[in-house]
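Good morning, and thank you for coming.

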Amino acid sequence: MNTIELNNGIKMPMLGYGVFLVGSQECEYCVSEAIRLGYRLIDTAQAYYNEEGVGAAISKCGIPREELFLTTKVWISNAGEEKAARSIDESLRKLRTDYIDLLLVHQPFGDYYGTYRAMEKAYRDGKVRAIGLSNFYDARFVDLAENMEIKPAVLQLETHVFSQQARMRELIKDYGTRLMAWGPLAQGTDRIFTNETLKNIGAKYGKTSAQVALNFLTGEGIVAIPKSVHTLRMTENLDIESFELTETDREMIRKLDTGLSKVDFNDPAMAKYLLEYDKNFNPDN
């Protein structure tokens with residue numbers, strides 16, 4: 001599998017398996033299946049309430065720990081230096097591992113500066129191999145990156161062919177930060193699967209629209225973490241290195257970019273929703 005080098009020299013797979021909204025009861029099976037199929041990057045989070053399922057899967061999979069790349073994220077309710085530090089140890093326990101490959105601040109709310117300081121300490125202590133941010137845009141990203149000693153290795157944002165994050169990709173370049181796409185298939189909306197441009201390009205290579213969309217992202221140097229609970233779709237999502245898009249193909253796909261994201265993290269209503277997330281989230285719904 002193709003990899004990308006982070007700003008501290010760590011190698012990270014370009015394609016992984018995401019477990020957002022994978023229920024805690026089915027997570028162990030899904031991650032086990034993903035690893036069996038060949039995925040080596042697994043992306044979870046404290047707020048997904050399924051770290052234990054990921055940990056159970058990796059402890060039983062038979063793949064050496066050093067061949068896996070685990071990402072998790074510190075949630076808002078664990079923000080602040082002391083609380084974040086405790087939550088990192090709890091994530092290690094749930095994941096049944098001595099170290100986390102990539103640890104992110106999940107949201108730009110709460111005391112995320114304290115959270116990042118705890119992550120820097122965890123990095124120095126060998127509990128974490130790389131640290132970064134999720135859902136930080138524009139000034140918030142720059143402010144934190146400029147004021148912290150360890151520059152973010154990764155920024156995870158909503159990124160797909162309809163929201164290609166061109167401005168943010170340019171902005172983070174100065175820090176050596178790599179972009180990681182959550183929702184790389186546009187949250188599974190039909191427009192990925194029915195878009196004529198993607199369908200026509202896919203037909204040339206005998207590939208699906210989703211495979212074309214993922215190939216485009218990784219070809220742009222963007223790490224992608226598609227999620228599916230279906231083995232066939234997992235297999236299809238993984239099979240994107242057997243063809244190469246032409247520059248003409250890529251230019252056609254670049255024209256699909258609307259510059260808009262589905263989720264607006266500057267929306268006060270979104271901020272309130274996220275701050276109350278723990279009260280309302282049922283991991284098995």
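I shall speak about aromatic rings, then helix contacts, and then some individual residues.

This is a predicted model, in which local features need pLDDT of at least 70 and side-chain atom pairs count only at pLDDT 80 or more, while totals for chains, interfaces and linings use all residues. Residues are numbered from 1 along each chain as its sequence is written, and side-chain values use heavy atoms, with hydrogens and water left out.

Let me begin with the rings. A pair of aromatic rings is described by the distance of the centres and the angle of the planes. Rings of Phe, Tyr and Trp (for Trp, its six-membered ring) pair if their centres lie within 6.5 Å; planes under 30 degrees apart count as stacked, over 60 as edge-to-face and the rest as tilted. A search of the whole structure gives nine aromatic pairs. One of them joins Y112 and F136, edge-to-face, with 5.0 Å from centre to centre and 85° between the planes. This pair links distant parts of the chain, 24 residues apart: Y112 belongs to helix α4 (residues 112–124), and F136 to the loop between β7 (131–134) and α5 (138–147). Helices (H or I, at least four residues) and strands (E, at least two) are DSSP runs, numbered from the N terminus. Are Y112 and F136 buried or exposed? Both are buried, a word that stands for under 20% relative accessible area, with exposed over 50% and partly exposed in between (1.4 Å probe, protein chains only).

Elsewhere, ring pairs connect W75, Y273 and Y277 into a cluster. The charged end of R65 sits over the ring of Y99, 4.1 Å from the ring centre; the criterion is NZ of Lys or CZ of Arg within 6 Å of the centre and within 35 degrees of the ring normal.

I turn to the helices. Axes are lines fitted to C-alpha atoms, for helices over the stretch in contact, and angles run from 0 to 180 degrees between N-to-C directions. The axes of α9 (residues 209–219) and α11 (residues 247–254) come within 11 Å and cross at roughly 100°. These two helices are therefore roughly perpendicular to each other; angles under 35 degrees count as roughly parallel, over 145 as roughly antiparallel, 65 to 115 as roughly perpendicular and the rest as oblique. On the α9 side the contact is made by V212, N215, F216 and G219, and on the α11 side by R250, I253 and R254. Contact here means heavy atoms within 4.5 Å.

R250 of helix α11 counts as buried because its relative accessibility is 9%. Leaving aside residues up to four places away in sequence, R250 touches N215, F216, G219, E220 and L245.

The axes of α2 and α3 (residues 81–95) come within 7 Å and cross at roughly 45°, so α2 and α3 are oblique to each other. Here E51, E52, V54, G55 and I58 of α2 meet S91, R93, K94 and L95 of α3.

Finally, some individual residues. N135, in the loop between β7 and α5, has a phi near 70°, a positive value in a residue other than glycine. N135 counts as buried, because its relative accessibility is 3%. D138, in helix α5, also has a positive phi, near 45°; its relative accessible area of 27% makes D138 partly exposed. E66, in the loop between α2 (51–60) and β5 (69–74), counts as exposed at 63% relative accessibility.
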